[in-house]
Amino acid sequence: MNENNLFFDIHEECGIFGIFGHPEAANLTYLGLYALQHRGQEGAGICSSDGSRLYLEKSLGLVAEIFNEKVLKNLPGHIAIGHNRYSTTGSSSLENVQPLMATYSLGSIAIAHNGNLIDIERLRGKLEKDGAIFQTTSDSEIILHLIARARDGGVHERVANAIRQVSGAFSILLMSETELIALRDPYGIRPLSLGQLNDSYIVASETCAFDLIGATYIRDVEPGEMLIINEGGIKSLKIFNSYKKAHCVFEFIYFARPDSYIFDHICVNTVRKELGRQLAREHPVDADIVIPVPDSGVPAALGYAEQSGIPFEFGLIRNHYVGRTFIEPKQSIRHFGVKIKLNPVREILKGKKVIVIDDSIVRGTTSKKIVKMIRELGEAKEVHMRISSPPAIGPCFYGIDTPTRQELIASSHKVEEIRKYITADSLGYLSIEGLKKIIPSSTNYCMACFNSKYPIEFESKKVSQIELFS
Ligand code: AMP
């Protein structure tokens, strides 16, 4: 997001975790956020309840930097929600770290949201005209206002009514003093799964969070479903009239962790590996070794190597302690980030014809650096880049941090032009048909980043406005 954007904080990939009915709710949420750290590294927060009031701790930074025993002691109770945020820089960042909490006529409420709402200018403008005062620039605060301002009904009716007024991508956790509510947009764009640990229910962005705390994955929160979890148990409400699944395909390609099961029990690692196999079928090349761009390219590179029979090697070593540099939004720092993160192993690469596998090319700057690094520092003879997804041509308005269309190199350049730009000996992207062949056909997907077909309609005027701000 542009720092000049004073009005909206389009928070992007995020991780959310919630638990009801555990005496150590905040501690388990802390662990859950650890497992979901890959979904956002800019800030994190936990809100807990002991049944009578809410407690909130949040800050900028990584989960490990924010929480310690002392901070966790400030979060008593048997209910908790947590959030890992991936977003923008700017002075207002701390206010925008979630969960966001508010007090209204029915008590207190807190929200943790993954995804982007669209049409936020209209909604926020309307609320402000009615006298609403916003404390953050986060689109999620709109939902709190809509809940607080509803005149009639209890919490559930108010939440359902508020949610029906917004559109976009949302996997949401809400909590009051006495319950946990989980919601998913009618398209199910972002993942959200339900788990169980003894008598407690857990809702998390990805199942890898269940594994860490020894919980069992039960099922996904259904698109358009509102789950209410309280002392009485768990209740499911369908709050939309129509449901049209459009799960984000980029979760498979890059965003989710390979050890997670998303979109109704689909293993991310299996999909990624199969994408690599398909890539090998579509773009074979005579070479000595297959190497991944770690970590995101590893499963696809294994698949490519198995399919092609060319040996797999770790030709690039990733520094895992770099922290958050990769989310820095400025191009100059992104360039720097590649060098600080990856280094070639000359012994492996020297004099070899190398196939390099990455999951995606966005702006093209990472691939360019990597190819140069493998050729110059690694002294490879040939560098063949293979990408386990189709050319990224459409910006995401539903919660993945992709740049504007103009910055997406494949939106304005042919494959051969991109090859020249990244200085590879050859370049091959997975085809859209190949992608469709691999992803399980048991459900439907949003592939707007690859085909520019956006499942949630919005006026083209708004697209350009949002693009300006992204
Ligand atoms: P670029 O230099 O813009 O082409 O970035 C491509 C690299 O960024 C690839 O190595 C991807 O694994 C990675 N990547 C793709 N999508 C994202 C994202 N939303 N946030 C951070 N990194 C990403």
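Tutor: Let's settle the labels: helices (H or I, at least four residues) and strands (E, at least two) are DSSP runs, numbered from the N terminus. This is a predicted model, where local features need pLDDT of at least 70 and side-chain atom pairs count only at pLDDT 80 or more, while totals for chains, interfaces and linings use all residues. Residues are numbered from 1 along each chain as its sequence is written, and side-chain values use heavy atoms, leaving out hydrogens and water.

Now for the ligand. There are 18 residues around it, and D358, D359, R363, G364 and T366 come nearest; a residue counts as near when one of its heavy atoms lies within 4 Å. On T366, a polar side-chain atom lies 2.4 Å from a ligand oxygen. D358 also brings a polar side-chain atom, at 2.5 Å from an oxygen of the ligand. With G364 it's the backbone: an N or O atom there lies 2.7 Å from a ligand oxygen. Taken alone, the ligand exposes 510 Å², and the protein buries 94% of that (areas by the Shrake-Rupley method with a 1.4 Å probe; for residues, only the protein chains shown count as cover). The elements giving two or more residues to the shell around the ligand are α9 (250-255) and α14.

R363 turns up again in a salt bridge, meaning a side-chain nitrogen of Lys or Arg within 4 Å of a carboxyl oxygen of Asp or Glu. Its partner is E407, with the closest N and O atoms 3.5 Å apart. This pair links distant parts of the chain: R363 is in the loop between β22 (353-358) and α14, E407 is in the loop between β23 and α15 (409-412), and the two are 44 residues apart. R363 is buried at 16% relative accessible area, whereas E407 is partly exposed at 33%.

D425 and R375 meet through their side chains at 3.0 Å, N to O. Here, too, distant parts are linked: D425 lies in the loop between α16 (415-422) and β24 (426-429), R375 lies in helix α14, and 50 residues separate them. D425 is partly exposed at 35%, and R375 is partly exposed at 27%. Elsewhere, salt bridges that share partners tie R39, R190, E206 and E251 into one network. The structure holds 20 salt bridges, among them R257 with D259, whose closest N and O atoms are 2.7 Å apart.

What about a charged residue without a bridge? E177 is buried and has no salt bridge; the nearest side chain of opposite charge, R53, is 8.4 Å away. (Lys and Arg count as positive, Asp and Glu as negative; His and the chain ends aren't counted.) You'll find E177 in the loop between β9 (171-175) and β10 (180-184). Its side chain does reach the backbone nitrogen of S108, at 3.0 Å. Contact means heavy atoms within 4.5 Å; leaving aside neighbours within four places in sequence, E177 touches residues including S49, G51, R53 and S108.

F263 isn't a glycine, yet has a positive phi of about 50°. Look for F263 in the loop between β17 (261-262) and β18 (266-267). There are cis peptide bonds to spot as well: one joins Q98 and P99, with omega about 0°, and another runs from P294 to D295, with omega near 0°. P99 is in the loop between α4 (93-96) and β5 (100-104), while D295 is in the loop between β19 (289-292) and α11 (298-308).

Key:
Buried < 20%, exposed > 50% of the residue type's maximum accessible area, 1.4 Å probe, protein only. Polar contact = N/O pair within 3.5 Å; in protein donor to acceptor, adjacent residues only side chain to side chain.
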